[in-house]
Amino acid sequence: FGNIKVDVFAPTSLFFIKFDTEDELKAVENWAVLTDKISGSGGSSSASVQLEACEAFNEAGDGEGDMKDGLEDSETKEPTIFEVEPKEYDPGYFQHFNRFSGRVCPIPVDSTWNIGGDPNRFGFCAVASPVVTEPFPAHHFNVVEFRVRTNLRSFLINFRPDEEAVSRFQSIVRVPYPNTWTTIPIPFDAFHYTTRGRVRDIEWGLAEEMIKGVTITARSGDAIPWGEDTQSIKAQDFTFDLQWIRFVRRSQTEAEALSSELRTMAGKEEYAEYLVRWRQKVDFLMTSGVVESTEEVAGFSLNQLLEVHSKDDILDLQLQIEHEGIEVPESAGWTLLTSEDLKSVEEKMGIRNLSSVSSLAFAKEGEANEAS
């Protein structure tokens, strides 16, 4: 683990959140809900949180349909923090889960938060655990696991470090299957340090922190039904069931392999999301009468498009591109993705026509006219 010192006698896994003991079940009453409506942004999203009991013992099991009869099953064992391979624990042991559900909506175009009147500005719903009095030691571990069932495509997770009221360790958690109990592992290096929502460069990471709480956020783009085109954001109902969060210690090889896999897929999905947002902004400009065709803004980056409010802005940016070239967007590696990469993301995320949008967004020679 690099320079991180690991106590060899420390547990290989430890539950940070679970709903098992009487105190843990009662503590659900203290989970707080925050939405864009409550925050005063002019949004209309709403949500609630409540404790639920598994209808059958393995409702929170592996999702393959086997139903166990409860604690009488001789093969069922309580998870223990001293197992060498925590991934082999029966994940359906605990009998309760926390249900966070509601309706998440785009921010209205006339809201003070929606500068530029973007009809696809994400709204949000969030739920926060109580701040603990005894901070949780993250320094023994290198991976966080989430046991969830949800119709969301992804969600934001924020861990609150000790003595930091406005700072968080944040990561996007991508959901592999809809409405299925799934254990999702996220390595520590996937978390970014943020202050008031802005990413900051720091010399330490999650492994050197004591954790006081967790916040889970659903955004309107995350709630679009699986298989549907994500290019139009609209109000959607969502359900997010959380059975537990635990910190685990994997071998360095396992953790690095997991990080590499997540980076590869996340890069493709971030690229796809960038193209969707690019197309949404272009459609908005066309609807507003600022541009008449996509060719007028071919090669503009998303950041440049966000500054466009008139035809004069278009002319200024066209001159800028002629003199300075196309602005490289957030990740230069995106332009190296192949059409096969885009097709795999289209299938997974329900996004259509990525290749044609890519040709316009990056003004690839010989492709922009064909794509339009």
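Student: Which residue in β13 stands opposite phenylalanine 136?
Tutor: Isoleucine 211 does. This is a predicted model, in which local features need pLDDT of at least 70 and side-chain atom pairs count only at pLDDT 80 or more, while totals for chains, interfaces and linings use all residues. Residues are numbered from 1 along each chain as its sequence is written, and side-chain values use heavy atoms, leaving out hydrogens and water.

Student: Thanks! How many bridges link β6 and β13?
Tutor: There are 2, and β6 (residues 136–137) pairs with β13 in the antiparallel sense. Pairing here takes at least two DSSP bridges between the strands, and a strand is a DSSP run of E with at least two residues.

Student: What does proline 161 stand opposite in β13?
Tutor: Isoleucine 211 in β13 is the residue facing proline 161. Strand β8 (residues 154–161) is joined to β13 by 6 bridges, and the two run antiparallel.

Student: And how many bridges join β5 to β13?
Tutor: Strand β5 (residues 124–128) has 5 bridges to β13, again antiparallel. Cysteine 125 has alanine 218 as its bridge partner in β13.

Student: Is β13 mostly covered or mostly open?
Tutor: Mostly covered: of the 10 residues in β13 (210–219), 9 are buried, meaning under 20% relative accessible area with a 1.4 Å probe, protein chains only.

Student: Switching topic, which residues have the most contacts inside the largest nonpolar core?
Tutor: Phe159 and Phe247, in a core of 38 residues. Strand β14 gives the largest share of this core, 5 residues. A nonpolar core joins buried Ala, Val, Leu, Ile, Met, Phe, Trp, Tyr and Cys residues through side-chain atoms within 4.5 Å.

Student: So what does phenylalanine 159 touch?
Tutor: Not counting residues up to four places away in sequence, its contacts include Phe16, Phe146, Arg168, Phe191, Ile211, Gly213, Val214 and Phe247. Contact means heavy atoms within 4.5 Å.

Student: Which residues does the second core include?
Tutor: Leu275, Leu285, Phe300 and Leu305 are among its 17 residues, and this core is separate.

Student: Now histidine 309: where does it lie?
Tutor: Histidine 309 is in the loop between α3 (302–305) and α4 (311–324). Helices are DSSP runs of H or I with at least four residues.

Student: Why does histidine 309 count as exposed?
Tutor: Because its relative accessibility is 52%, and exposed means over 50%.

Student: How many Å separate histidine 309 and valine 290 in space?
Tutor: They are 7.1 Å apart, C-alpha to C-alpha, with a separation of 19 residues in sequence.
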